[in-house]
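Please keep the sequence and the model in view while reading.

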Amino acid sequence: MFCHKCNSENLETSLNCTKCGDSLITSVVGGSSSKIYQEATRELDAHWFGRIGGFVGAALAAFFLKVVFADMYFDKQQIYLGIVLGAFVGLILGRFIGLRRR
């Protein structure tokens, strides 16, 4: 296998070039400019942004229900529902932001 950066020959099982140290895996799958790579990273970003957004949404909903609206009475079921809805909205917004990043 030849390195796409320095054109030196490497073993077929090498992960990095023995001369320049650059990754040989990207040259096998088409590099970071390939459409498959870009779609995979975009989906991975959306996945993680969604998880982080869901956590932040649940935390913000819990904060608002327990601290900001503390003088209003909410039973446990309403508080749990508010937290779940906050997590769901955060997840959707996080995925949307993750998909729109690139």
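## Basis of the model

The model is predicted, and local features need pLDDT of at least 70, side-chain atom pairs count only at pLDDT 80 or more, and totals for chains, interfaces and linings use all residues. Residues are numbered from 1 along each chain as its sequence is written, and side-chain values use heavy atoms, with hydrogens and water left out.

Trp 48 is placed in helix H2, residues 35-68, where helices (H or I, at least four residues) are DSSP runs numbered from the N terminus. Its relative accessible area of 47% makes Trp 48 partly exposed, a class that lies between buried (under 20%) and exposed (over 50%), with a 1.4 Å probe and protein chains only. The charged end of Arg 51 sits over the ring of Trp 48, 5.5 Å from its centre; the criterion is that NZ of Lys or CZ of Arg is within 6 Å of the ring centre and within 35 degrees of the ring normal.

A search of the whole structure finds 1 aromatic pair. Phe 63 and Phe 64 form this pair in an edge-to-face arrangement, 5.7 Å centre to centre with 75 degrees between the planes. Rings of Phe, Tyr and Trp (its six-membered ring) pair if their centres lie within 6.5 Å, and planes under 30 degrees apart count as stacked, over 60 as edge-to-face and the rest as tilted. Phe 63 is partly exposed at 42% relative accessibility, and Phe 64 is partly exposed at 37%.

## Salt bridges

The whole structure holds 2 salt bridges, each defined by a side-chain nitrogen of Lys or Arg within 4 Å of a carboxyl oxygen of Asp or Glu. In one of them, Glu 43 pairs with Arg 95, the closest N and O atoms being 2.9 Å apart. This pair links distant parts of the chain, with Glu 43 in helix H2 and Arg 95 in helix H3 (residues 76-100), 52 residues apart.

Glu 39 forms a salt bridge with Arg 42, with the closest N and O atoms 4.0 Å apart. Both residues lie in helix H2, 3 residues apart, about one turn of the helix.

## A buried leucine

Leu 65 also lies in helix H2, and with a relative accessible area of 15% Leu 65 is buried. Leaving aside neighbours within four places in sequence, Leu 65 is in contact (heavy atoms within 4.5 Å) with Ala 70, Phe 74, Ile 79, Gly 82 and Ile 83.

## A backbone feature

Asn 7 has a positive phi of about 65 degrees although it is not a glycine. Asn 7 is found in the segment before helix H1 (25-29), and at 56% relative accessibility Asn 7 counts as exposed.

Methods: Helices (H or I, at least four residues) and strands (E, at least two) are DSSP runs, numbered from the N terminus.
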